[in-house]
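Let's take a walk through this one together, starting with the overall layout and then stopping at two residues. Have the sequence and the 3D view open side by side.

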Amino acid sequence: MALTKSTKLPQTQLIKQILKRCSSLTKKQQQQSYDDHRLHVPKGHFVVYVGENRSRYIVPISFLTRPEFQNLLHQAEEEFGFDHDMGLTIPCDQDVFESLTSMLR
């Protein structure tokens, strides 16, 4: 599916919007109990939800500059947008996501 450039945010604005969203999610998480280790996100990382079951993955922020990951972000923007409470959701199968992220490391 070809998309026109006018329907996309410029790459730098998109990355800033994602980082802002991740930053606000981290602040919400910090307000919750620090004892809950499942919510801990290491500095320099952010959370995405992947697949039908919305499995949670913690990925390095450095992935945001990789074209392969940016394609996933564009798909997420088209399907879900970035203005929802679930966190950043990536619309692909878990095995595809795991394969891609293992190649990016």
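**A look around the fold**

What you have here is a predicted model, so a few ground rules apply: local features need pLDDT of at least 70, side-chain atom pairs count only at pLDDT 80 or more, and totals for chains, interfaces and linings use all residues. Residues are numbered from 1 along each chain as its sequence is written, and side-chain values use heavy atoms, with hydrogens and water left out.

Start with the big picture. The protein has 3 helices and 3 strands, and along the sequence they run α-β-β-α-β-α. Helices (H or I, at least four residues) and strands (E, at least two) are DSSP runs, numbered from the N terminus. Of the 105 residues, 35% are buried, meaning under 20% relative accessible area with a 1.4 Å probe, protein chains only.

Now find V59, which sits in strand β2 (residues 55-60). With a relative accessible area of 1%, V59 counts as buried. Leaving out residues up to four places away in sequence, V59 touches G44, H45, F46, V48, F69 and F97; contact here means heavy atoms within 4.5 Å. V59 and F46 are 13 residues apart in sequence, yet their C-alpha atoms are 5.5 Å apart in space.

Next, hop over to Q70 in helix α2 (residues 67-79). Q70 is buried too, at a relative accessible area of 11%. What does the side chain of Q70 have a polar atom 2.8 Å from? That would be the backbone oxygen of L64. Setting aside neighbours within four places in sequence, Q70 is in contact with Q11, I15, L64 and T65.

Key:
Buried means under 20% relative accessible area, exposed over 50%, partly exposed in between (1.4 Å probe, protein chains only). A polar contact is a pair of N or O atoms within 3.5 Å; within protein, one must be able to donate a hydrogen and the other to accept it, and residues adjacent in sequence count only if both atoms are side-chain atoms.
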